[in-house]
Amino acid sequence: MRLTFFAFCCCLFTTAWSQTTTGLSAYYTFEGNLEDQMGNTSNTGIEVGTPTYGCGVRGQGLLLDGANDQFRVSANSPAAGEFDTEDFTVSFYFKSVGFDGIQYLFSKRDTGCMSDRQFYVRYTPQANTLNTFLAQDADKDVNLFNLTSVTDCWQHLVVVRDDLRVRLYLNGDEVEDRGGTASRIDLSTEGDLYIGGADCIGGLETPFAGLIDEVRIYNRVLRDEEIAELFFRPDQIITNDTIVFQGSIVDLEVNNDCAVSNFNWIPNDNLSPTDSGMPSIEADDTGVFRYFVQVSDPVSSCIAVDSFRLTVIDPNTLPCQVAMAKAFTPNFDSLNDTYGLSNPFAIQDMVSFEIFDRWGGRVFATADPFAKWDATFQGEAVNPGIFLWRVIYRCDGEEKNDSGTV
């Protein structure tokens, strides 16, 4: 008999690494050059000083000395032209090296510095503070101050000008402090766009000292899910907090693209190698354990810190019964991307684990209690929705049949 049921959507499927290019006016990856990866030569950056290249969040990043180094993009370029009366989104990463002054990360204003009309992002290392400023004149502006994370060295900032509002995202999360005006701010100026510095610097202001990477300029408002795709979680443990059974081996991975980084794990009991970004833990003892990693590099004095929680259970203490999650999100973000038994060690003898679509068609089947479904059928992603699972297994020779939905 075919199994038939109807339901609403509860899981989402998106393409891996599907960072949108719709409305992307300029994209700088700094792989040894200042070229726009979208192929528009009009957006090619012009060196100011002698910037070099270091280890970025992906590949190389632009390394600036905080004195003379920065780069500018011509006022006549499409990238610089996005800062006018229309919506835009700016996304970039930065890692501070210097500690002095109020440092410019991003700046666009009139040549000659006489007009109040401008857009800039400044960073004060001593206070771990970002200042984002958009102004048309002395009476119409948005001025936002936000603290950066003290446990992250790479900071990811996204500035969204959405009609009358200005929204900020730091390290993947929208910050509560936001601003707006009664009418749309006109940012149109004839000056060049500066990244890592500014044309008009005075007082305690300086160019940026550190690394900048993955600069994206859009001519539209990005949605929350699109912004989430742009946060790569650099120097964070991308292995999910895990529950395993005693005797298991747990592989950890720190998202780090720098071969010269140093890793310090605390504690390092049952963990090897202790100086690697990809160690393994031997789960010999039962209990709940917290592992911390400190990530450093020779360029910056900053030390990034992240943690991982491991719960180790004796399988002999578990009842022989099925435990299944209610939902999962196969969007390739390393969080709940696959679906299967939450307690495979508890099952004494697996007969079958099957998943059916809303029309009763079987999309997954296995006799392996450790196997997981990746939300595909015959190599293609299934449509989002509610699916039926059924597990047949034996406990002490008695056959049992459990079912539910996901």
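## Charges over rings

Arg58 lies over the face of Phe232, with 3.7 Å between it and the ring centre. This is a predicted model.

## Aromatic pairs

The whole structure holds 19 aromatic pairs. One of them is formed by Tyr28 and Phe30. Their ring centres are 6.2 Å apart and their planes meet at 15°, so this pair is stacked. Tyr28 has 0% relative accessibility and counts as buried. Phe30 is buried too, at 0%.

Phe92 and Phe94 make a tilted pair, because their planes stand at 40°. Their ring centres are 6.2 Å apart. Phe92 is buried, with a relative accessible area of 2%. Phe94 is buried at 0%.

## Salt bridges

Side chains of opposite charge can pair when their charged atoms come close. This structure has 18 salt bridges. One of them joins Arg184 to Asp163, with the closest N and O atoms 3.0 Å apart. The pair links distant parts of the chain, 21 residues apart. Arg184 sits in the loop between strand 14 (179–180) and strand 15 (193–195). Asp163 sits in the loop between strand 11 (155–162) and strand 12 (165–170). Arg184 is partly exposed, at 26% relative accessibility. Asp163 is also partly exposed, at 39%.

Arg394 forms a salt bridge with Asp349, and here the closest N and O atoms are 2.9 Å apart. This pair links distant parts of the chain as well, 45 residues apart. Arg394 belongs to strand 29 (residues 388–395), and Asp349 to strand 25. Arg394 is partly exposed, with a relative accessible area of 31%. Asp349 is partly exposed at 32%. Arg394 also meets Glu399 in a salt bridge, at 3.9 Å from N to O. Elsewhere, salt bridges that share partners join Asp162, Arg165, Arg167, Glu174 and Asp224 into one network.

## Ser352 in strand 25

Strand 25 (residues 349–356) also holds Ser352. This residue is buried, with a relative accessible area of 15%. Beyond its neighbours within four places in sequence, Ser352 is in contact with Thr366, Arg390, Val391 and Ile392.

## Arg223 in a loop

Arg223 lies in the loop between strand 17 (209–218) and helix 2 (224–229). Arg223 is partly exposed, at 46% relative accessible area. Its side chain makes a polar contact of 2.9 Å with the side chain of Glu225. Asp284 is 61 residues from Arg223 along the chain, and their C-alpha atoms are separated by 44 Å.

Three strands form an open sheet in the order 19-22-21, with antiparallel pairing. Strand 19 (249–251) and strand 21 (271–272) stand at the edges. Each has a single partner strand, so one side of each is left without a neighbour in the sheet. Three bridges join strand 19 to strand 22 (residues 280–282). Ile249 has Glu282 in strand 22 as its bridge partner.

Technical notes
Residues numbered from 1 in each chain as written. Predicted model: local features only at pLDDT ≥ 70, side-chain atom pairs only at ≥ 80, totals over all residues. Heavy atoms only, no water. Pairing = 2+ DSSP bridges. Helix = DSSP H or I, 4+ residues; strand = E, 2+ residues; numbered from the N terminus. Buried < 20%, exposed > 50% of the residue type's maximum accessible area, 1.4 Å probe, protein only. Polar contact = N/O pair within 3.5 Å; in protein donor to acceptor, adjacent residues only side chain to side chain. Contact = heavy atoms within 4.5 Å. Phe/Tyr/Trp six-rings, centres within 6.5 Å; stacked < 30°, edge-to-face > 60°. Lys NZ or Arg CZ within 6 Å of the ring centre and 35° of its normal. Salt bridge = Lys/Arg side-chain N within 4 Å of Asp/Glu carboxyl O.
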